[in-house]
Amino acid sequence: MRFAKILGALGLATAVLAGGLAPTHAKADALERIAKEKVLRVAVPQDFPPFGSVGTDLKPVGYDIDAATLIAKEMGAKVELVPVTSTNRIPYLTTGKVDLVISSLGKNAEREKVIDFSTAYAPFYNGVFGPDDIKAEKPEDLDGKTVGVTRGSVEDIELSKIVSDKVTVRRYEDNNGTISAFLSGQVQLVATGNVVAAAIFERNPPRLPIMKFLIKNSPCYVGLNKNEGPLMEKVNAIIAKAKDDGSLNAIAKKWLHAPLPKDL
Amino acid sequence: MAYSFDFSSLLDYTPVLVDGVVTTIGLTAVSTVLGVALGIGGAAARTSTVKPLAVVVGAYVELIRNTPFLVQLFFIFFGLPSLGIRLAEWQAAVLAMVVNLGAYSTEIIRAGIDATPKGQIEAGASLGMTGPQIFRYVVLGPAMGKIWPALTSQIVIVMLGSSVCSQIAAEELSFAANFIQSRNFRPFEVYFLATALYLALAVALRWVLSLIGGRMFAKGVSRA
């Protein structure tokens with residue numbers, strides 16, 4: 001009798017301990033809470049234009065902010081923007097300080113162990129860009145042309161692998177050198193990120209960098225906590241709808257000066 | 001020591017380094033010949049009795065000697081295209097180096113000309129020589145001999161300064177070193193080798209220039 005009591009107490013204690021120690025992964029209730037409180041908390045960047053930067057009125061502006069506002073609106077909630085850095089954006093999510101991370105977040109295996117990803121909502125890629133009058137759809141089309149690139153960058157390494165000796169690759173010290181070489185016509189094309197190309201567009205130059213072909217693609221996803229199935233479904237549905245009705249395309253044109261790629 | 005040295009990782013990049021050294025030598029050779037020629041012309045103009053010419057050359061010398069080489073290079077490469085003058089990176093590099101060496105050597109050679117005793121010029125005139133003849137046969141030779149060591153140093157400085165041309169993607173030795181470093185991430189080995197190569201190039205350049213000086217302006221050099 002006594003023995004059974006002790007055993008029962010032990011079992012209870014173990015259960016309580018186990019319950020207490022188990023990771024406090026919120027059950028699938030984030031969506032319920034959002035619906036109840038009508039507030040969607042989103043981690044956004046403030047140091048990474050055009051995805052997120054601080055505007056003249058000291059409020060964050062950018063692609064990610066517009067995407068967050070769009071998703072909150074579709075959920076019928078008010079958006080609460082939480083500025084984060086690239087190092088603390090995932091901890092903000094896993095500790096429950098935010099519901100979503102919309103912070104130009106790329107997908108990789110290590111991150112997938114910790115959080116879940118929605119479908120892609122923003123393009124992020126390296127490609128070859130050049131003015132309208134130059135035709136180049138694949139690496140072979142670059143033969144005989146001059147391409148500027150920032151030395152040692154991802155696009156430099158990748159471009160060096162795919163082009164032949166007939167291509168003149170000019171390597172500059174930093175992105176500003178590459179941009180200047182393109183704007184002054186010292187190179188016909190540039191291999192760079194779509195964000196840098198967008199920065200060139202901002203200056204409204206006579207020679208606009210139009211995307212020719214893709215070198216490396218790593219689009220951005222919305223980050224969610226694990227086991228948030230309903231929220232994930234909702235976010236994916238909103239992204240799919242925004243892609244269909246052109247509202248996401250409008251955001252892309254506004255901030256990246258290029259329409260959404262069809263395969264996004 | 002956590003860093004393990006690996007100079008063999010540079011072997012794959014031998015062609016890049018060789019190209020870089022060849023380009024540096026080529027840039028230096030062309031700019032030296034043209035730059036010293038410009039300097040002789042500039043010195044002649046600056047010491048001439050034609051005042052407007054002397055003023056114009058003086059302005060050129062002051063402009064170039066009081067602005068950084070990198071800015072001059074960027075102006076030529078990135079700036080001039082706005083005026084419709086688009087130069088390839090090696091053309092821009094040579095032009096910048098010629099213009100730069102031209103200004104410095106104008107001043108150096110002018111100093112040699114100023115040091116020519118008046119009596120020698122008068123002696124030339126009394127032999128019935130014209131102004132250009134006096135400059136060519138009486139003034140220039142001894143003047144060049146006097147300033148040859150200073151000019152040699154300036155040419156070495158220009159050769160070492162050509163490393164700046166890597167900033168406009170002229171693929172000389174520094175560009176090669178930076179390129180390799182951005183690929184194999186071995187800064188110590190790469191820049192150690194680049195340093196050794198520059199040192200060897202500079203020593204060789206001084207040797208070649210002293211040979212040339214000894215041949216052409218024997219008197220002055222032996223005194224220097």
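Angles between axes under 35 degrees count as roughly parallel, over 145 as roughly antiparallel, 65 to 115 as roughly perpendicular and the rest as oblique. The structure is a predicted model, in which local features need pLDDT of at least 70 and side-chain atom pairs count only at pLDDT 80 or more, while totals for chains, interfaces and linings use all residues. Residues are numbered from 1 along each chain as its sequence is written, and chains are lettered from A and ligands numbered from 1 in the order in which they are written.

In chain B, the axes of helix H3 (residues 69–79) and helix H4 (residues 89–114) come within 9 Å and cross at roughly 135°. Axes are lines fitted to C-alpha atoms, for helices over the stretch in contact, and angles run from 0 to 180 degrees between N-to-C directions. H3(B) and H4(B) are therefore oblique to each other. Helices (H or I, at least four residues) and strands (E, at least two) are DSSP runs, numbered from the N terminus. Residues of H3(B), including B:Phe69 and B:Leu73, meet residues of H4(B), among them B:Ala92 and B:Val99; contact requires C-beta atoms, placed from the backbone, to lie within 7 Å. This contact has eight nonpolar, two polar and one charged residues (nonpolar: Ala, Val, Leu, Ile, Met, Phe, Trp, Tyr, Cys and Pro; charged: Asp, Glu, Lys and Arg; polar: the others, Gly among them).

Between the chains, eleven residues of chain A are in contact with nine residues of chain B. Strand S10 (168–172) and helix H7 (175–183) of chain A each supply at least two residues of the side that touches chain B, and S10(A) gives the most, with three residues. The residues of that side of chain A divide into one nonpolar, six polar and four charged.

Conventions: Contact = placed C-beta atoms within 7 Å.
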